[in-house]
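Let's walk through this model together, one stop at a time. Please keep the viewer open as you read.

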Amino acid sequence: MELDYRLEHPLALSARGEIHGFTVLLGRSGSGKSSLLRAIAGLLPAHGTPFDGLPPQRRAVGYLPQGYALFPHLNAWQNVAFALDGSQRHRAALEWLARFNLAELATHYPDQLSGGQQQRVALARAMARRPELLLLDEPTSALDASTRDEVMAELVAQVHDLGVPALAVSHDPHLAALADHLLVLHDGRIVQQGPPDSVQAQPANAAVARLLGRRNLFHARVEAHGDGRGHTRLHWPEAGLHFSLPRHDLAVHSWVDGTLPPHRVTLTDHGGEGAVRARVARRMALDGQWQLALHCGKTLLWAYLPGTSPAPPIDAHVYVKWSASDIFLWPPAHADAAMQRENDE
Amino acid sequence: MSMTGALAEPGPRRARGPFWLASLTLLLMAAPFAGLVAVTHWSAFHFARGDAMAIGVSLGYSLLALVIIVLLGTPLAWWLARHRFRGQWLVEAILLLALLTPPLAMGLLLSALYGPYGPIGRWFEAANLSLTNSAAAFVLAQCYSALPYYVLAARAAFEGVPRELEHLALTLGRSPWQAFREVSLPLARFGLAAGVALAWVRALGEFGVVLIIAYFPQGIPVKLWVNLQDIGLHAVYPLLWAFFVVAMPLPLVLGIVARRREAA
C-alpha cells in the first residue's frame, strides 16, 4: 500500500513510503508520528492517500492508540462488538476473541486485563472493523520490559496471519528490528526506508543511526589534509579529540558525521600513541558483555567489552583506543545539518 | 470506629483530627432538622388546605422542568466541554450571570421579558399562552434557576470523558451521534446524574423566581410562605416534611448509586 500524507498542524510533516506486512515508522518522540497516524485515521486535518477526504467513520482503518483506549464501561466482547452491527454481533465478537485466545476473558472489563491482553482485545476490536490498514501507535509503550519482545513478536505473527498491512509508529529500535519494512521519519519527512536489516546495515545518516539506537555518533570538523601519509586530520569537539583518517576526499573546514562502533573501542593499561584517557561514568552488564559509558570531554563514549573480563569500577580512569579503520564517516553530502541540530538540542 | 471502618481501605492509620472536624460540621448541618423533629406537633400532624395540590404541582412541574433542563442543557454542556473558541469568556460570563443573579432579581428580569408586556411575553400572549402565573411560567422559572447548575455539572462530567475514546468510536465506524450516545453519555453518566440531582433540588426548592412570575400555581416553597402568612408556623412543618419526602429520593438514590459504581 502506498502512503503519501501531508500535515500542516500540529506540525508540518510529509510522509511518503510503502506499507507492506508489518511496517514500522521509526521516529523521535515529538516528531509527529502519532499525528501522522491520527491523520490517516481521519482524526486530524490532512491530505493524502489512502482515504483522502473521508470522514473517520468511513475510513477502513483499525486504529490502536497508545494505551489501546478500550472502552472502560464495556467488557471485552462488548468492546469488540462495538465495531459490529446486526443480530450476530455477540457471536461474531466471541469468534474474534477466540481467534486471539481471549475467549475465556470475554466478560472481563479492561481494568481486569493485563497490558498484553488489553492489546489483543484492542486488536480484535480493530480487526472486527474489517480494516484495510491497521494503525498502531507506540505498541510497545504500555508493555512490561520483561514481556515486551514476546508480546510484540506475537503481535507481528498475528498481523501476518490476518493478512492486513499494519503501520506501527514507534521510537523503539527493538520494534523496528521485528518489522517487514522500515520507514524512518526525521525532520518532518521519511529519510530512509527498506527492510530493517538493510537500514540497520547502512543508515542513511547519523540521525537515522541514532534512531536505530546506535551509540558513539559524532559530528567532526575537517581540520587539515596530509601529514605526509595521505591522512586527513579531524576534530571531534564534543570529545575534545583530534584524530587522523586515511581519507583525502574531505573538504577542509567542512563538517562530517561519523560513528565509532562501541565494540571496536578497547581498553589499554596505559597511555601511548592513539590512546585516550577517559573516566568510567556508568557500567552495565548486558547480554554477556560489559557496556561502559566513559566520560570523554563533554560527551559519553561507549565501549563494549567481553563479559568474561573484569570491568573497571565507576569513576576509574582508563585509557581507550581504537583503530582508524573502525571509524565510519557518512559521505559529506549526507552528513546534513540534522546531526548538528540534534547536538544543539 | 465501626462506621468508618467497614468501608475503609487498608492504609496508614488515620488521623483523628479530620474525623472530629467532619463530625462537628455534620452536627452543625443536622441541627436545624433535629430542631424540626423537636418542634413538629406530631400528635396534631395534619396538612393545610391546598398542601396536597402544592405537592402535586411541585412534583409534576419539577419533573417536566427537569426533562427540559436535561434536553437543553446536555448539548450545551457537551459543546462547552469539547470546544475552545475565541470569546469563550463571554459564555462563561453568561453562565456565571445565571448563577449569580439573586432569585428575586431573576424573577423580575423574567417578568420584564416574558410578562404580558415584555417583548417575548407579548408574543406568547397573542398566541394565548401566558408566561406569568401559569403552569408554563412555573416551569420557566424552575428552568431558569436550575439550568446553569446542570450545565456546569454536565460540562465537568463530559470533560472527564477522554476525547480519545470518542475519536476511537469514530474510527470503529460509528457516527458522531452514535459515538456520543454509546461512549460519551455512558462514561459521563455519574457526573450527569449528579447534575440531574442538583438541578432537581434547585428546581424543586426554587422560591424567589417563582414568587415573582408564577405565584400561581403554588408549589411547595410558595405554599410554605402562604401557610406561614395565613395560618402560622405550625402549618409550615407538615408541608416541609412532605417536601423532604418527595424531594429526597431522587438525589439520594442517584448519589448512592453513583458512588457505589465509582467505588466498584
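**A hairpin and its surroundings**

In chain A, β8(A) and β9(A) form a hairpin with two residues between them, and A:Asp187 in the turn has a positive phi of about 55°. Strands here are DSSP runs of E with at least two residues, helices are runs of H or I with at least four, and both are numbered from the N terminus. Two strands pair if DSSP finds at least two bridges between them.

A word on conventions before we go on: this is a predicted model, in which local features need pLDDT of at least 70 and side-chain atom pairs count only at pLDDT 80 or more, while totals for chains, interfaces and linings use all residues. Residues are numbered from 1 along each chain as its sequence is written, and chains are lettered from A and ligands numbered from 1 in the order in which they are written.

Five bridges join β8(A) to strand β9 (residues 189-194), and the two run antiparallel; A:His186 stands opposite A:Arg189. Strand β8 (residues 181-186) also has a parallel partner, β3 (residues 22-26) of chain A, joined to β8(A) by four bridges. There, A:Val24 stands opposite A:Leu182.

How many of the six residues of β8 in chain A are buried? Six of the six are, where buried means that 20 or more other C-beta atoms, placed from the backbone, lie within 10 Å of the residue's own; 12 or fewer makes a residue exposed, and anything in between partly exposed. A:His181, A:Leu183 and A:Leu185 point one way from the strand, and A:Leu182, A:Val184 and A:His186 point the other way.

**Backbone features to check**

Most residues other than glycine have a negative phi, and most peptide bonds are trans. A:Asp187, in the loop between β8 and β9 of chain A, is partly exposed, with 15 other C-beta atoms within 10 Å. A:Asp315 is not a glycine but has a positive phi of about 80°; this residue lies in the loop between β17 (299-306) and β18 (317-321) of chain A. With 9 C-beta neighbours inside 10 Å, A:Asp315 counts as exposed.

The peptide bond from A:His9 to A:Pro10 is cis, with omega near 0°. In chain B, a cis peptide bond joins B:Phe216 and B:Pro217, with omega about -10°.

**Where the chains meet**

Finally, 13 residues of chain B are in contact with 14 residues of chain A, contact meaning that the C-beta atoms, placed from the backbone, lie within 7 Å. The largest share of chain B's side, six residues, comes from α8(B).

How values were computed. Contact = placed C-beta atoms within 7 Å.
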